[in-house]
Amino acid sequence: MLTDGFGRLGPAVRATLEGTDAAALTWRPAPGANTLAWLVWHIARVQDAQVAPLAGVEQAWTADGWADRFGLPFDRDATGYGQSADEVAQVDVPADLLLAYLDAATAQPRASRARGHAAHRGAAVDESWDPPVTLGVRLVSILDDCAQHVGQAAYLRGLLPGDVAPA
């Protein structure tokens with residue numbers, strides 16, 4: 001189920017971004033609202049930043065040079081959580097770069113699941129909670145967060161006004 005769930009994110013994001021340009025990617029329905037570019041970057045960053053440690057690997061963001069390619073003025077460990085409206089606006093990159101990083105970040109969950117045996121999903125990965133958070137619960141939590149943001153991006157795409165909506 002996790003393979004299927006994570007596997008749906010990329011195609012849904014691709015459909016949402018199809019035909020978009022810079023104006024559509026950075027459009028906001030209201031001051032302070034998230035943009036398509038920020039939402040897609042955040043979806044990829046959340047997967048990458050949270051799954052890499054579970055898999056015992058470095059994040060693709062730093063290991064594969066994505067942070068340098070994006071050139072964002074944030075700390076290298078930023079994932080978008082708690083960012084201000086001004087910071088959201090600074091994610092102004094083309095759709096092909098967003099999608100390429102999403103592909104790299106989505107490969108992390110697949111690789112992690114491929115290495116892990118089903119019996120390990122019950123292993124505790126965070127003892128600070130009561131009950132402790134297991135690997136399976138953490139992966140479902142990551143997937144849930146990403147799926148919610150994919151829905152937000154699709155909704156935002158539907159709100160695009162005629163002057164920025166793809167023809």
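Across the whole structure, a search finds six aromatic pairs, where rings of Phe, Tyr and Trp (its six-membered ring) are paired if their centres lie within 6.5 Å, and where planes under 30 degrees apart count as stacked, over 60 as edge-to-face and the rest as tilted. Trp41 and Phe74 have ring centres 5.6 Å apart and planes at 50°, so this pair is tilted. The pair links distant parts of the chain, with Trp41 in helix H3 (residues 36–55) and Phe74, 33 residues apart from it, in the loop between helix H5 (66–70) and helix H6 (85–89); helices (H or I, at least four residues) and strands (E, at least two) are DSSP runs, numbered from the N terminus. Trp41 is buried at a relative accessible area of 1%, and Phe74 counts as buried at 14%, the terms being buried for under 20% relative accessible area, exposed for over 50% and partly exposed in between, with a 1.4 Å probe and protein chains only.

Trp66 and Tyr101 form an aromatic pair that is likewise tilted, with 5.6 Å from centre to centre and 45° between the planes. This pair, too, links distant parts of the chain, since Trp66 belongs to helix H5 and Tyr101 to helix H7 (residues 95–115), 35 residues apart. Trp66 counts as buried at 9% relative accessibility, as does Tyr101 at 0%. The residues of both pairs, together with Trp61 and Phe70, form one aromatic cluster.

The model is predicted, and therefore local features need pLDDT of at least 70 and side-chain atom pairs count only at pLDDT 80 or more, while totals for chains, interfaces and linings use all residues. Residues are numbered from 1 along each chain as its sequence is written, and side-chain values use heavy atoms, with hydrogens and water left out.

Gln83 is found in the loop between H5 and H6 and is buried, with a relative accessible area of 16%. Leaving aside residues up to four places away in sequence, Gln83 touches Trp38, Trp41, Phe74 and Ala78, a contact being heavy atoms within 4.5 Å.

Asp96, by contrast, is exposed, with a relative accessible area of 57%, and is found in helix H7. Between Asp96 and Ala22 there are 74 residues of separation in sequence and 11 Å in space, taken from C-alpha to C-alpha.

For the chain as a whole, the secondary structure comes to eight helices and two strands, and from the N terminus on the elements run α-α-α-α-α-α-α-β-β-α. The radius of gyration is 16 Å, close to the 15 Å that the globule rule gives for 167 residues, so the chain is as compact as a globular protein of that length; this radius is taken over C-alpha atoms, and the rule is 2.2 Å times the number of residues to the power 0.38. Along the principal axes, the C-alpha atoms fill a box of roughly 50 × 30 × 30 Å.

Of the 167 residues, 44% count as buried. Among contacts between residues at least 6 apart in sequence, 72% join residues at least 24 apart. The chain has 12 positive and 20 negative side chains, with the centres of the two sets 7 Å apart; Lys and Arg count as positive and Asp and Glu as negative, without His and the chain ends, and each charge is placed at NZ of Lys, CZ of Arg, CG of Asp or CD of Glu.
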